[in-house]
Amino acid sequence: MTNSRPSEPIITLIDSNVLLDIATEDPRWADWSDANVAQARDDGTVVINPIIYAEVSVGYESIESLDDALPASDFKREALPFAAGFLAGKAFLVYRQRGGARSSPIADFYVGAHAATKRYRLLTRDPSRYRTYFPSVELIAPDSSPSSARPNP
């Protein structure tokens with residue numbers, strides 16, 4: 001399933017794990033993540049939200065250094081829609097009913113719900129929770145295709 005019709009722009013929400021791979025120069029995943037962020041930019045607009053921004057911020061000393069790493073000209077900042085908050089709560093309820101142990105919704109539920117409610121693609125390196133709780137979201141993930149399943153050594 002794709003998030004766009006021919007006349008609609010392609011928008012990709014970038015998960016924090018992908019951005020952290022690049023920022024930390026992860027030896028296994030940095031090249032894969034960098035190439036897929038570049039492809040998402042070529043395809044259309046890339047988006048982050050305050051939750052993704054917060055997760056990435058832990059590796060930076062100042063907001064200025066984080067903004068240098070994630071320039072607003074490259075990464076559109078978008079607020080979390082209220083509809084996404086509602087959907088995140090519903091996904092969390094299903095998670096708890098299935099035996100999940102956490103007592104409050106985790107970031108992945110908000111990120112997945114944001115992508116689902118806005119019909120964005122989601123670039124992530126950890127697709128399992130998104131596949132389970134947000135099956136309508138088009139994922140770009142290491143196992144999305146045979147060629148992307150192998151990170152650069």
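This is a predicted model: local features need pLDDT of at least 70, side-chain atom pairs count only at pLDDT 80 or more; totals for chains, interfaces and linings use all residues.

Mentor: Residues are numbered from 1 along each chain as its sequence is written, and side-chain values use heavy atoms, with hydrogens and water left out.

Trainee: In what order do the five strands form the open sheet?
Mentor: Strands here are DSSP runs of E with at least two residues, and helices are runs of H or I with at least four, both numbered from the N terminus. Two strands pair if DSSP finds at least two bridges between them, and strand 1 (residues 11-14) pairs in the parallel sense over three bridges with strand 2 (residues 45-48), as well as over three bridges with strand 4. The edges are strand 3 (76-77) and strand 5 (139-140), each pairing on one side only. The pairing in the sheet is parallel, and the order is 3-2-1-4-5.

Trainee: Which residue in strand 4 stands opposite I14?
Mentor: On the side of strand 2, the bridge partner of I11 is T45. From strand 1, I11 and L13 point one way and T12 and I14 the other, and all are buried (under 20% relative accessible area, with exposed meaning over 50% and partly exposed in between, for a 1.4 Å probe and protein chains only). In strand 4, the residue opposite I14 is L123.

Trainee: How many residues are in the largest nonpolar core?
Mentor: A nonpolar core is a set of buried Ala, Val, Leu, Ile, Met, Phe, Trp, Tyr and Cys residues joined through side-chain atoms within 4.5 Å. Those that touch the most other members are L13, I14, L19, I48, F109, L122 and F134. Leaving aside residues up to four places away in sequence, F134 touches L87, A91, D108, F109, G112, A113, A116 and R129. The number of residues in this core is 38.

Trainee: At what angle do helix 1 and helix 3 pack?
Mentor: S16, L19 and L20 in helix 1 (residues 16-23) meet I52, E55 and V56 in helix 3 (residues 50-57), where contact means heavy atoms within 4.5 Å. Axes are lines fitted to C-alpha atoms, for helices over the stretch in contact, and angles run from 0 to 180 degrees between N-to-C directions. With axes 9 Å apart, the helices pack at about 35°.

Trainee: What is the phi of R119?
Mentor: R119 lies in the loop between helix 6 (107-118) and strand 4 (121-123). At 33% relative accessibility, R119 is partly exposed. The phi of R119, positive in a residue other than glycine, is near 60°.

Trainee: What distance separates the C-alpha atoms of A141 and T124?
Mentor: A141 is found in the segment after strand 5 and counts as buried, at 1% relative accessibility. A141 and T124 are 17 residues apart along the chain, and their C-alpha atoms are separated by 5.3 Å.
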